[in-house]
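This report covers charge pairs, helix packing and the surface of one model. Please read it alongside the sequence and the structure shown here.

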Amino acid sequence: RYNEDVLAWHKANHNLKCGSLDGRTSESIFKFVVNSEEDLKEIESDFVDKFGISCNRVWLMPEGASRQELAQKRQMVVELCKDKGYNYSDRLQVVIWDKVVGV
């Protein structure tokens, strides 16, 4: 869910150390599932640019509910990450168990 107050808190408190604020931490990352290059425009305008999130805290992963779907989008997402300086993450539950849900 999109909650501007929560996003602003994570952005403002990015220098807190683990264990601060009663055990809460701001070692937050912002992870987004990408289906197309158009998704990146929305991610950047609604999150990254709006809240000034540094690229090292942004992770992109390809959308896909099967290994085959991931394989079709993986290269595109990797190239977006390389171009923008974002981090890449695969959807390991799909890579390992394929179409299994709830693992």
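The count comes to 6 salt bridges, a salt bridge being a side-chain nitrogen of Lys or Arg within 4 Å of a carboxyl oxygen of Asp or Glu. This is a predicted model, in which local features need pLDDT of at least 70, side-chain atom pairs count only at pLDDT 80 or more, and totals for chains, interfaces and linings use all residues. Residues are numbered from 1 along each chain as its sequence is written, and side-chain values use heavy atoms, with hydrogens and water left out.

**Salt bridges**

Among the salt bridges are these:

| Pair | N to O distance |
|---|---|
| E38 and K41 | 3.0 Å |
| K84 and E44 | 3.6 Å |
| K73 and E63 | 2.6 Å |

K84 belongs to helix α3 and E44 to helix α2, so this pair ties together parts that are 40 residues apart in sequence. Helices (H or I, at least four residues) and strands (E, at least two) are DSSP runs, numbered from the N terminus. E44 is buried at 14% relative accessible area, whereas K84 is partly exposed at 36%. Here buried means under 20% relative accessible area, exposed over 50%, and partly exposed in between (1.4 Å probe, protein chains only).

K73 in helix α3 and E63 in the loop between β2 (58–62) and α3 tie together parts that are 10 residues apart in sequence. K73 is buried, with a value of 16%, and E63 is partly exposed at 26%.

E38 and K41 are 3 residues apart in helix α2, which means a separation of about one helical turn. E38 counts as exposed, at 52%.

**Helix packing**

Helix α1 (residues 4–12) packs with helix α2 (residues 37–51) at about 40 degrees, the axes being 10 Å apart. Axes are lines fitted to C-alpha atoms, for helices over the stretch in contact, and angles run from 0 to 180 degrees between N-to-C directions. The two helices, α1 and α2, are therefore oblique to each other; angles under 35 degrees count as roughly parallel, over 145 as roughly antiparallel, 65 to 115 as roughly perpendicular and the rest as oblique.

For α2 and helix α3 (residues 67–84), the angle is about 40 degrees and the axes are 10 Å apart. α2 is thus oblique to α3.

**Helix α4 and the segment after**

I96 is found in helix α4 (residues 92–97) and is partly exposed at 48% relative accessibility. D98 is in the segment after α4. Its phi is near 60 degrees, a positive value in a residue other than glycine. D98 is partly exposed, at 23%.
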